[in-house]
Amino acid sequence: MTTTEMNRETDAKPAKSRRVDLKLEVIVIPVSDVDRAKLFYANLGWRLDADFASGDGWRVIQFTPPGSACSVIFGKNVTAAAPGSAQGLYLIVSDLEAARQDLLDRGVKVSDPFHSAGDVHAGPDEPYLSGRVRVNGADPQRGSYSSFASFSDPDGNGWLFQEITTRLPGRIEATETTFTSSSELAGALRRAAEAHGEHEKRTGGHDDNWQDWYADYIVREQAGQPLPS
């Protein structure tokens with residue numbers, strides 16, 4: 001049977017079982033010094049969920065970034081990967097500058113903001129989602145998904161901030177609107193307020209139903225739907 005025939009056979013058979021949600025909740029990162037790594041991630045302000053050990057040299061530590069549904073685990077005898085080999089670990093933020101400043105205030109070295117060079121992807125820089133060309137500064141249009149900053153833990157495991165304010169269509173269910181922190185909600189309210197100000201200029205008067213307009217804007221923004229005008 002050819003690959004094409006196998007694919008056609010697979011496509012023709014609908015799933016008999018109900019769909020099961022698959023929730024990515026843990027990423028394992030390799031470190032060389034467990035206590036040093038613990039101090040680093042604690043200094044980031046991440047929540048310490050677990051620190052388990054046994055007498056035979058096994059140890060597991062779990063941290064969760066603020067507002068994240070996914071945690072990181074490191075320790076002894078939990079992964080065969082080389083320390084520092086975990087790269088491209090993305091932390092999504094709604095305000096890149098605020099996220100950078102928080103790390104700087106904690107004494108953590110973090111790169112300046114950068115963005116991609118458009119359709120140019122091959123270059124000498126450290127690779128990330130948009131290739132190997134990093135242009136200094138946040139995206140000039142401050143487009144969602146377009147501005148980044150990077151930092152590393154003591155072993156060299158590589159983390160990146162990616163600023164996302166509006167999700168692409170289909171990335172969030174249209175009926176679900178969630179915020180993982182008060183600062184994230186405040187950012188959405190500020191964007192709604194700015195857009196509503198432009199709305200009132202166009203309509204030429206005060207909008208008594210501004211609360212409904214704000215709510216519609218925020219839900220649409222999260223769902224990646226066309227924004228109200």
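**The strands and their surroundings**

Guide: Of the chain's 229 residues, 33% count as buried. Buried means under 20% relative accessible area, exposed means over 50%, and partly exposed is in between (1.4 Å probe, protein chains only). The model is predicted: local features need pLDDT of at least 70, side-chain atom pairs count only at pLDDT 80 or more, and totals for chains, interfaces and linings use all residues. Numbering starts from 1 along each chain as its sequence is written, and side-chain values use heavy atoms, with hydrogens and water left out.

Start with the layout. The chain has five helices and nine strands. Helices (H or I, at least four residues) and strands (E, at least two) are DSSP runs, numbered from the N terminus. From that terminus on, the order is α-β-α-β-β-β-β-α-β-β-β-β-α-α. Contact means heavy atoms within 4.5 Å. Among contacts with a separation of 6 or more, 53% join residues 24 or more positions apart.

Now the strand β4 (71-76). Five of its six residues are buried, so β4 is mostly covered. Two strands pair if DSSP finds at least two bridges between them. β1 (residues 26-28) pairs with β4 in the parallel sense, over three bridges. There V26 stands opposite S71. β3 pairs with β4 in the antiparallel sense, over five bridges. F63 has V72 of β4 as its bridge partner. β3 and β4 form a hairpin with six residues between them. In the turn, G67 has a positive phi of about 80°.

Helix α2 comes next. It spans residues 34-43, and V34, A37, F40 and Y41 are buried in it. These residues cover an arc of only 125° around the axis, which puts them on the same side of α2. The arc is that of the directions from the helix axis to the C-beta atoms. The buried residues pack against β3 (59-64), β4, β8 (147-152) and β9 (158-163). D33 caps the N-terminal end of α2, with a side-chain oxygen 3.3 Å from the backbone nitrogen of D35. Just after α2, G45 takes a positive phi of about 90°.

Follow β9 to its neighbour β5. The two pair in the parallel sense over five bridges. L91 has F161 of β9 as its bridge partner. β5 (residues 89-93) has two faces. L89, L91 and V93 make up the covered face, while Y90 and I92 lie on the uncovered one.

E163 also sits in β9. It is buried, with a relative accessible area of 4%. A polar atom of the E163 side chain lies 2.8 Å from the backbone nitrogen of L96. A polar contact is a pair of N or O atoms within 3.5 Å; within protein, one must be able to donate a hydrogen and the other to accept it, and residues adjacent in sequence count only if both atoms are side-chain atoms. Leaving aside neighbours within four places in sequence, E163 is in contact with residues including V93, D95, L96, R142 and Y145.

Most residues other than glycine have a negative phi. R142 has a positive phi of about 50° although it is not a glycine. Y145, also not a glycine, has a positive phi near 75°. R142 is in the loop between β7 (135-136) and β8, and Y145 is in the loop between β7 and β8 too. R142 is partly exposed, with a relative accessible area of 37%.

Last, F151 in β8. F151 is buried, with a relative accessible area of 4%. Its C-alpha atom is separated by 10.0 Å from that of L89, 62 residues apart along the chain. Not counting residues up to four places away in sequence, F151 touches residues including F40 of the chain, L91, W159 and F161.
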